[in-house]
Amino acid sequence: MGMEKEIKTLSHLFVTVFLWGFPTMMVVPAITDVTMMALCPGLDECSLAIYLSGFQQAIIGLGTLVMMPVIGNLSDQYGRKAMLTLPLTLSIIPLAILAYRRSISFFYAYYALRTLTAMVCEGSINCLALAYVADNISERQRASAFGILLGVLSASFVCGTLAARFLSTTSAFQAATIVSMLAAAYMRVFLKDDVPNDDDDDLTRPIITEETEGVNQNESNSPVKIPVCKKIPSIRDLICLLRSSVTLSQAAVVAFFSGLSEGGMQASFLYFLKAQFHFNKNQFADLMLIAGLAGTISQLLFMPLLAPILGEAKLLSLGLFAACINMFICSISWSAWVPYATTAFSVLVVFATPSFRSIVSKQVGPNEQGKAQGCISGISSFANIVSPLIFSPLTALFLSKGAPFNFPGFSIMCIGLASMVAFIQSLMMSHTPASSKSQNQCCLA
């Protein structure tokens, strides 16, 4: 099957991902202002908002640490479509709350429900979409297909950010709620169900069951029931999976430190810009729009061309190195135009994720794609637990009047150091021979 035919089979997945990403990003530029208005009206710096955002991110990370491997493992048994239904549906609820009203009581209701639902939703749609691509695309074309998938997601972010630029806060949340409902409905109607497991009976079995998979004969010729494969992986299962391949073990390190840096930027960067340069909703939207547009063009045009030539390992290192430079320059921003200028690095930064996920997918067999992607997503989620615990207090300290020295971007520079560790580990991965696909029987079999 040619590349074009393979990509065509993913068309409904691309539409689903776009419809999910569009409303998600539509409300991001407004969230900081909504949070500040509810907690600290009239102020540009609010330690309470920073700490609450960091706490929420840590709790979400704890939840996704547990849920990502579970959801990935269940999707290997019951299909990607069945598991996609859950996060797509749950993600509607918090948006609907702020679409109705944004008073302080409704903000706290949003905060609580967003925290709970994001434990399942955060990262799971990306994880399941990547597994779906791996199910339908050959290894040779997989890096390019991952790049196109994430390019579609970036395009949805660009369109969502552009819509946010011209919509009021109320209209943005209302439109986001409607489009989120449309995404769930479209996926259920049009996406072709895909069950990697050869045992089609799994679709008709409940997830929690006491059924047995087969029988053996003991010495007295009495049948002995063999328990059905576990649906929920244990910590031992995940460790076993990672140890089955040197590359997977190294990928876990990259996932942790890149997740640490991404989580740190998520927890700190917008508050840094608001305190340092008094950014508002429209300026946040403009910044994300420029970065998203650059990343989308790169993923859709350059990634399919460069992946076969340079290979995933070199593109991974290139993307992580660009992320380091981006963070270091942002940390010393001396004017409001500097963060805009650094969005040029997005052209290279976006190479990291599809290359990394492609490397991971090639280390396991076709019936383990959800498990592997979920395991790596879980490690990134664990990093998101640690990240705000470190960087939120650091950001609040260096943005306050009681900072030990005058360096408002100190926390951003520390985040860049975490990204540098991921870059160094990626260089080690590029010199590691490719491992055979994981067939270890203790690994979530």
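The structure is a predicted model, in which local features require pLDDT of at least 70 and side-chain atom pairs count only at pLDDT 80 or more, whereas totals for chains, interfaces and linings use all residues. Residues are numbered from 1 along each chain as its sequence is written, and side-chain values use heavy atoms, with hydrogens and water left out.

The secondary structure of the protein chain comprises 19 helices and 2 strands; these elements are DSSP runs numbered from the N terminus, with helices (H or I) of at least four residues and strands (E) of at least two. Of the 445 residues, 55% count as buried, where buried denotes under 20% relative accessible area, exposed over 50%, and partly exposed the range in between (1.4 Å probe, protein chains only). Contacts are defined by heavy atoms within 4.5 Å. Among contacts in the protein chain with a separation of 6 or more, 83% involve residues 24 or more positions apart.

A nonpolar core is taken as a set of buried Ala, Val, Leu, Ile, Met, Phe, Trp, Tyr and Cys residues joined through side-chain atoms within 4.5 Å. The largest such core has 78 residues, and those with the most contacts inside it are Phe-173, Phe-269, Leu-273, Phe-356 and Ile-376. Helix H12 (residues 246–277) provides the largest share of this core, 14 residues. Because domain 1 (1–195) and domain 2 (234–432) both give residues to this core, it lies between them; the domain bounds come from an automatic or database domain assignment. With neighbours within four places in sequence left aside, Ile-376 is in contact with Leu-242, Ala-251, Ala-252, Ala-255, Phe-356, Arg-357 and Val-360. A second, separate core of 33 residues includes Val-120, Ile-125, Leu-149 and Leu-191.

In helix H6 (residues 92–100), the buried residues are Ile-92, Pro-94, Leu-95, Ile-97, Leu-98 and Ala-99. The buried residues of H6 pack against helices H3 (28–39), H5 (80–90), H7 (104–121) and H10 (169–190).

Asp-76, located in helix H4 (residues 47–78), has a relative accessible area of 2%. Its side chain reaches the backbone nitrogen of Gly-370 at 2.9 Å; a polar contact is a pair of N or O atoms within 3.5 Å, of which, within protein, one must be able to donate a hydrogen and the other to accept it, and residues adjacent in sequence count only if both atoms are side-chain atoms. Ser-355, in helix H17 (residues 352–361), is buried at 0%, and its side chain reaches the backbone oxygen of Phe-351 at 2.7 Å. Apart from residues up to four places away in sequence, Ser-355 touches Met-303, Glu-312, Leu-315 and Leu-316.

Ser-419 belongs to helix H19 (residues 410–429) and is buried, with a relative accessible area of 1%. The C-alpha atoms of Ser-419 and Leu-260 are separated by 7.7 Å, although these residues lie 159 residues apart along the chain. Excluding neighbours within four places in sequence, Ser-419 is in contact with Phe-257, Ser-261, Leu-320, Ala-323, Cys-324 and Met-327.

A search of the whole structure finds 0 disulfides, defined as pairs of cysteine sulfur atoms within 2.5 Å. For Cys-127, the nearest cysteine sulfur is that of Cys-375, 9.9 Å away. Cys-127 is buried, with a relative accessible area of 1%.
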